[in-house]
Amino acid sequence: MCAFEHVTEADKRKPFIKLRDALFHGYSEFMPLSQEDIELSAYFMLASKLTTISWLEARKHNPSLRYYFPIAIKRSIHFFLNMDKNSV
């Protein structure tokens, strides 16, 4: 889902919510998801984003990774502030 979100940042013709819902719908055909599972997905996405920041912080002295640190922080803050829109 984080990849879907990343794609939709660059291409506004593909709304994240529609891609997310299609993913859950297709997945549910093979393994049913509860509404609670779906509602928790935004929190797991936020946890993944925060883990990325932690990973980058641990490697902050790597010059090739420094570029990504502020981007990851900005994207995480943006996601957090819009979590109600990214939730069911």
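Helices here are DSSP runs of H or I with at least four residues, numbered from the N terminus. This is a predicted model, so to speak plainly about limits: local features need pLDDT of at least 70, side-chain atom pairs count only at pLDDT 80 or more, and totals for chains, interfaces and linings use all residues. Residues are numbered from 1 along each chain as its sequence is written, and side-chain values use heavy atoms, with hydrogens and water left out.

I start with helix 5, residues 68–81. Its 14 residues reach 20 Å from first C-alpha to last, close to the expected 20 Å; the expected span is 1.5 Å times one less than the number of residues.

Which residues of helix 5 are buried? They are A72, S76 and F79, where buried means under 20% relative accessible area and exposed over 50%, with a 1.4 Å probe and protein chains only. These three sit on the same side of helix 5, because they cover an arc of only 65° around the axis, taken from the directions from the helix axis to the C-beta atoms. On the face turned away from that buried side are the exposed residues P70, K74 and L81.

Next, helix 2, residues 16–28. R20 lies in this helix and counts as buried because its relative accessibility is 3%. The side chains of R20 and D21 are joined by a polar contact of 2.7 Å; such a contact is a pair of N or O atoms within 3.5 Å, one able to donate a hydrogen and the other to accept it, and residues adjacent in sequence count only if both atoms are side-chain atoms.

Last, F30. This residue is in the loop between helix 2 and helix 3, the latter being 35–58. F30 counts as exposed because its relative accessibility is 74%.

How values were computed: Helix = DSSP H or I, 4+ residues; strand = E, 2+ residues; numbered from the N terminus.
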